[in-house]
Amino acid sequence: MDPTLLPIEASPGSFLITAGVAALGLALLYTKRPALATGIAFFLSPLEWRATFALRGEGLPLSSTVVIVPLLLLTALVTGRLRRLRERGRSVLLWYAVFVAVAFASLVSAPEAWYGLRKVAELALGFGFFCLTLASLDNESDIRTFGGMVAVSLASILTLTYWQYCIGVVRVAAPFGHDAVLGASISLAVAVTVGLLWSITRGWARIASCAGTVVLGFAAIGMTGSRGAFLSLVAVTVVLAWLLGGARLGPRARYVAVGLALALSVPLAFVLTLAGRPIGRFLDPSYATNSFRLAVWRGAIDLFTARPGMGVGYMNPGGVLQETLGLTVYHSHSLYLELLAGLGLAGCLAAAMLALALVREVRGLARTQPIAAGVAAALAGFLVQGLVDFTLWDMRYAAMLAAALGLPLVCRLGSKSQTETGRRK
């Protein structure tokens, strides 16, 4: 089997049966162990299987995640767990919903409205996954259960990455659609896994497990060759060192921790990632992607200046640039330029407000809650990689990111309940 064909494309009949059985099984588990069911859904999202259905002469690809997440949301609604959303992270929920709504509105006069509609539907599915995480986790034990499934997911992704590289795949993508998306997913899962390991281990076991996870992540990203993902994991390492390594130390000690993280991670990564495969590309003027990206970025800026209000439509800049530039491009290769060109100032404002709402939730938690620190590091990595990559186009990564965003909000709820219990005593 060609590993680049992952995820498996199934026939419509077998897809409905397999995805339906998996969704029903998780729904039954959800009634007893909602946190575990949600964590398993996280594990399955990057390992999705797909089928293509015909709709009005067009091929409509459907993913197992499209079946599993809505059924789990329906189960959460029936069991009354979705009512918890009224008191959990309302500002984040509001701006997340506004961002999705602006993405839908941007497609009113978009040249490729059908494609954009599919991609906005994936954003909405991510919003559902975020709500599912927020409604299904209640305490520290639930957070660790979910974090454990993130660690299992990381192990499976790393295994596929190493296997594909060993059998000679040129652009390793594991179960994802692109090497940059694979790298982004590794960076995200490494950050959350380190947060989990930090909370459940002590002493040398903590140092060995956390450092080992980061090093394995760097090695895998070296196999992908993604420079943006390499920068993302460097940012994750620095933020983790700042938030966790110096959690109980003074500012000077935190600076030392960050300095050590940089001093050790960069040369280790250079050795482990095949003599610096991603690093070397930064300085290679003959590498075609450098001039290609510059041309795409200039084109995306022109699209924004032509339609600054609402843009050309979510996930439509790639199609427009293909026609205007004559290049095979599917997006702007930059999170920020894609939002500007596709959603205009309205979408960027909604995205900025969502980011601020998330920062408010994480602020003050990251140095006391290791999982929250992991999510903060993952967000930093996402924003850094966004300078040179746009990774939200792949639902497998977007769903993972959205699911992880709910963890700090649950951590904050746990902190509030502990504070209230202490006051009663």
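Helix H7 passes helix H16 in a left-handed crossing, a term used when the near helix is turned anticlockwise from the far one by less than a right angle. This is a predicted model, in which local features need pLDDT of at least 70 and side-chain atom pairs count only at pLDDT 80 or more, while totals for chains, interfaces and linings use all residues. Residues are numbered from 1 along each chain as its sequence is written, and side-chain values use heavy atoms, with hydrogens and water left out.

The axes of H7 (residues 179–200) and H16 (residues 395–405) come within 10 Å and cross at roughly 20 degrees, which means that H7 is roughly parallel to H16, as angles under 35 degrees are counted. Val181, Ala184, Ser185 and Leu188 in H7 meet Tyr397, Met400, Leu401 and Ala404 in H16, and by class this contact has 7 nonpolar, 1 polar and no charged residues.

Helix H8 (residues 203–224) has 22 residues and reaches 32 Å from its first C-alpha to its last, close to the 32 Å expected at 1.5 Å a residue. Its buried residues (under 20% relative accessible area, with a 1.4 Å probe and protein chains only) include Val214, Gly217, Phe218 and Ile221, and H8 is followed by Gly225, whose phi is positive, near 75 degrees.

Leu233 counts as buried because its relative accessibility is 0%, and its C-alpha atom is separated by 8.5 Å from that of Ala378, 145 residues apart along the chain.

Terms used
Axes fitted to C-alpha atoms, helices over the stretch in contact; angles between N-to-C directions. Helix = DSSP H or I, 4+ residues; strand = E, 2+ residues; numbered from the N terminus. Parallel < 35°, antiparallel > 145°, perpendicular 65-115°, else oblique. Contact = heavy atoms within 4.5 Å. Nonpolar A, V, L, I, M, F, W, Y, C, P; charged D, E, K, R; others polar. Expected span 1.5 Å × (residues − 1). Buried < 20%, exposed > 50% of the residue type's maximum accessible area, 1.4 Å probe, protein only.
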